[in-house]
Amino acid sequence: MATAKAYGALSADAKLAPFTFERREPTADDVVIEIKYCGVCHSDIHQARNEWGNSRFPMVPGHEIAGIVTAVGANVTKFKVGDRVGVGCFVHSCTQCATRDVDLEQYLPGLVQTYNDVEADGVTPTYGGYSDHIVVREGYVLSIPDNLPLDRAAPLLCAGITLYSPLRHWNAGPGKKVAILGMGGLGHMGVKLAHAMGADVTVLSQSLSKEADGRRFGADHYYATADADTFTKLANSFDLIVCTVSSEIDWNAYLGLLKIDGTMVIVGVPENAIPVHAFALVPARRSLAGSMIGSIKETQEMLDFCGQHDITAEIETIDIKDINDAYERVIKSDVRYRFVIDMESLF
Ligand code: NAP
Ligand code: ZN
């Protein structure tokens, strides 16, 4: 076993602080990765603060991992030392389902999350990417295309796939009017991806302060949700709304922006339940749906799509000692558009 240097939270009230732990011994099926960069997802904050009520401590967050392979087990065929790789939100899943090749493993029992979980043995805690290295089974390691810099590619491993998957599933493309609600870490990836897929893209943000950025990322239209007129102007407009907001909003007002048969997909996960009125759905056969990250196969497809279209995240790189300040800035929507930790700063 090798000792990992990391930053972790000891309890829901504690600030993140230096923490060391033993990574599990690599097996013949494992890839050992030196972590170069790790993105800071809003889910890291929800979980480090136990906002979803399922946190395990101590916790080392981080599931937007980009790095370099430093060792491979005897059975590994897809990766070699020196390869540029990523790890996303999970590191194992139900092997029976994987054998059946359903490619929806993120929704099946047996999923082992990259952190805040236990390995398939039921006891060994998983610790995430705010650390110097990680040991992951080959089947859960992704290839990062050569033209994508590792720091800007790291957020694709969660923010990227979380938007790519619903955009593909609900057929974002030419002739489709797609709204991205909230232009933070997930949302700005949604704008870039939906634009590259050929959809007509609208950003619904709290204010117009990020409009120039949104248009640079590929938005065709940009509206402030603080302006009540927005809801009148855009009533019955969209085929698809992807909601990335991490706190409570007026769900019924947003559902009114969908066309007949339109779908609003929830990817943001606020702490509290969502109140929805039947009249927001019934008179226009609208759907309210949810979506969670994507399968390993779809994540690789997304990375290759990003490689072809030269799509990466807009990032602010931070030293790991500044992680607690970064969390506060994410909560205030004061990040352009994803914090990424430079893991050199651990040393
Ligand atoms: P983020 O960077 O904080 O972005 C959230 C955005 O929501 C903000 O930038 C802001 O956009 C908007 N927003 C925040 N508070 C708001 C409010 N009170 N009213 C209206 N809009 C508000 O967070 P993120 O990392 O993108 O994550 C977003 C959510 O997705 C989190 O809840 C996270 O846990 C969840 N998530 C889900 C999945 C999944 O698989 N489903 C995966 C990853 C993350 P504007 O400034 O443009 O208004
Ligand atoms: Zn995430």
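Which spacing do the donors of the zinc ion (ligand 2) follow along the chain? In this predicted model, the donors of the zinc ion (ligand 2) are spaced as C-x21-H-x94-C. The chain holds 10 helices and 19 strands, and its radius of gyration of 20 Å is close to the 20 Å that the globule rule gives for 347 residues, so the chain is as compact as a globular protein of that length.

**Zinc site**

- The zinc ion (ligand 2) is coordinated by SG of Cys41, NE2 of His63 and SG of Cys158, at 2.0 to 2.3 Å.
- His63 and Cys158 link distant parts of the chain, being 95 residues apart.
- His63 belongs to the loop between helix H1 (42–48) and strand E4 (65–72), whereas Cys158 belongs to the loop between helix H3 (150–153) and H4.
- His63 has a relative accessible area of 6% and is therefore buried, the cut-off for this class being under 20%.
- Cys158 also counts as buried, because its relative accessibility is 4%.

**Helix H4**

- The buried residues run through Ala159, Gly160, Ile161, Thr162, Leu163, Tyr164, Ser165, Pro166 and Leu167.
- Just after H4, Asn171 adopts a positive phi of about 60°.

**The chain as a whole**

- Taken along the principal axes, the C-alpha atoms fill a box of roughly 60 × 40 × 35 Å.
- Of the 347 residues in the chain, 55% are buried.
- Among contacts with a separation of 6 or more, 67% are between residues 24 or more positions apart.
- The chain has an accessible surface of about 14500 Å², and carbon and sulfur atoms account for 51% of this area.
- The chain carries 30 positive and 44 negative charges, whose mean positions are 4 Å apart.

**Cis peptide bonds and positive phi values**

- Most residues other than glycine have a negative phi, and most peptide bonds are trans.
- The peptide bond from Phe57 to Pro58 is cis, with omega near 0°; Pro58 is located in the loop between H1 and E4.
- His63 is in the loop between H1 and E4 as well.
- Arg336 and Tyr337 are joined by a cis peptide bond with omega of about -10°, and Tyr337 lies in the loop between helix H10 (323–331) and E19.
- Asn236, which is not a glycine, has a positive phi of about 55°.
- Asn236 occupies the loop between helix H7 (229–233) and E15 and is partly exposed, with a relative accessible area of 48%.
- Arg285 is a further residue other than glycine with a positive phi, near 50°.
- Arg285 is placed in the loop between E16 and strand E17 (287–290), and counts as exposed because its relative accessibility is 60%, the cut-off for exposed being over 50%.

How values were computed: Residues numbered from 1 in each chain as written. Chains lettered and ligands numbered in written order. Predicted model: local features only at pLDDT ≥ 70, side-chain atom pairs only at ≥ 80, totals over all residues. Heavy atoms only, no water. Buried < 20%, exposed > 50% of the residue type's maximum accessible area, 1.4 Å probe, protein only. Helix = DSSP H or I, 4+ residues; strand = E, 2+ residues; numbered from the N terminus. Donors = N, O, S within 2.8 Å, 3.2 Å for Na, K, Ca; no water. Rg over C-alpha atoms; globule rule 2.2 N^0.38 Å. Contact = heavy atoms within 4.5 Å. Areas by Shrake-Rupley, 256 points an atom, 1.4 Å probe, with all protein chains shown as cover. Lys, Arg positive; Asp, Glu negative; His and termini not counted. Charge placed at Lys NZ, Arg CZ, Asp CG, Glu CD.
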